[in-house]
Amino acid sequence: MPGLPRFARGVYYRGEVTIAVCPGSFDPLTLGHLDIVRRARSLFDEVILGVARNTSKSPLLSAEQRVQIARAALDASPGLEDVRVEVVPGLLVDFCREAGATVVVKGLRGGADFDAELPMALMNRHLEGVETVFVPGDPALAHVASSLVKDVARFGGPIDDLVPAGVGDVVRRAVAERSARGSTDAPPTPLVTPQAEPASSQHATPTTEGTGR
Ligand code: PNS
């Protein structure tokens, strides 16, 4: 309903408020993520930024750091202050159900994003009927990815114009701490506690699962 405030549209004309979740690892949040959250906020009555776990990735930042970064960035972004930031503790569809969210919003930088996102979108629909809306991101930010931001930071390159204010320092600190521990990505604790092995089993191939390599 053009010309009506968002609140009136949701409450009086559709009879309901549509809550959307923008999920992601946000390791770290980038300007590309903020662009998508802004587009989601222009489409839906309420938006939740969901800091979730991607089991195929080993995060550089803790969930608490990622939540803090997102909260500070949204507070500093006019029009996005009312976007909630929450941790998604398990399945995204469970989180959506509990939050009353019916839509997931994901940004697309290009075809590779679509190829990666489509199976997740179909799975979320299969599990709980949650629909995904794909939103094309700003082409000027198509090169911005959390993984590339971390890679540039690891080699001392400039990242401050790719992430919200203050985030570059957090990333550089985390990268330095990781490197001081003698690792680029690997979590400090192995998935399987190493035990003294009998000589006969010492030829077994060690697992690299969970190292993020
Ligand atoms: O930023 P990412 O890493 O591309 O985001 C992927 C993420 C975290 C949204 C996805 O892995 C996810 O939804 N994780 C929560 C657990 C879950 O629901 N997994 C099944 C996905 S179909």
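Biologist: Where is Val 175 placed?

Modeller: Val 175 belongs to helix α7. Helices here are DSSP runs of H or I with at least four residues, strands are runs of E with at least two, and both are numbered from the N terminus. This is a predicted model, in which local features need pLDDT of at least 70 and side-chain atom pairs count only at pLDDT 80 or more, while totals for chains, interfaces and linings use all residues. Residues are numbered from 1 along each chain as its sequence is written, and side-chain values use heavy atoms, with hydrogens and water left out.

Biologist: Is Val 175 buried or exposed?

Modeller: Val 175 has a relative accessible area of 11% and is therefore buried. Buried means under 20% relative accessible area, exposed means over 50%, and partly exposed lies in between, with a 1.4 Å probe and protein chains only.

Biologist: Which residues does Val 175 contact, leaving aside neighbours within four places in sequence?

Modeller: Its partners are Leu 60, Ala 153 and Arg 154, where contact means heavy atoms within 4.5 Å. Val 175 and Leu 60 are 115 residues apart along the chain, yet 7.5 Å separates their C-alpha atoms.

Biologist: What is the span of α7 as a whole?

Modeller: Helix α7 covers residues 167–180, which is 14 residues. From first C-alpha to last it reaches 20 Å, close to the 20 Å expected at 1.5 Å a residue; that expected span is 1.5 Å times one less than the number of residues.

Biologist: And which residues of α7 are buried?

Modeller: They are Val 167, Gly 168, Val 170, Val 171, Ala 174, Val 175 and Arg 178. These residues lie on the same side of α7 because they cover an arc of only 160° around the axis. The arc is taken from the directions that run from the helix axis to the C-beta atoms. Arg 173 and Ala 180 are exposed, on the face turned away from the buried side of α7.

Biologist: What covers that buried side?

Modeller: The cover over the buried residues of α7 includes α3 (63–75) and α6 (146–154). After α7 comes Gly 182, with a positive phi near 85°.

Biologist: Turning to α3, which of its residues are buried?

Modeller: In α3, Arg 66, Ile 69, Ala 70, Ala 73 and Leu 74 are buried. Viewed down the axis of α3, they fall within an arc of 125°, so they line one face of the helix. Glu 64 and Gln 68 are exposed on the face turned away from it. Among the elements covering the buried residues of α3 are α2, β2 (46–51), β3 (84–87) and α7.

Biologist: How many helices and strands does the chain have?

Modeller: The protein chain has seven helices and five strands, in the order α-β-α-β-α-β-α-β-α-β-α-α along the sequence. Of its 213 residues, 39% are buried. Among contacts between residues at least 6 apart in sequence, 73% join residues at least 24 apart.

Biologist: New topic: which residues come nearest to the ligand?

Modeller: There are 14 residues around the ligand, and Ser 25, Arg 53, Asn 54, Lys 57 and Leu 92 come nearest. A residue counts as near if one of its heavy atoms lies within 4 Å of the molecule.

Biologist: Which distances do the polar side-chain atoms of Ser 25 and Asn 54 give?

Modeller: A polar side-chain atom of Ser 25 is 2.5 Å from a ligand oxygen atom, and one of Asn 54 is 2.9 Å from a ligand oxygen atom. For Lys 57, a side-chain N or O atom is 2.7 Å from an oxygen atom of the ligand.

Biologist: What stands out about the loop between β1 and α2?

Modeller: That loop holds Pro 28 and Phe 26. The peptide bond from Asp 27 to Pro 28 is cis, with omega near 5°. Phe 26 has a positive phi of about 50° although it is not a glycine, and at a relative accessible area of 5% Phe 26 is buried.

Biologist: Finally, how many disulfides are there?

Modeller: The structure holds zero disulfides, a disulfide being a pair of cysteine sulfur atoms within 2.5 Å. Cys 22 is buried at 3% relative accessibility, and Cys 96 is buried at 0%.

Terms used. Polar contact = N/O pair within 3.5 Å; in protein donor to acceptor, adjacent residues only side chain to side chain.
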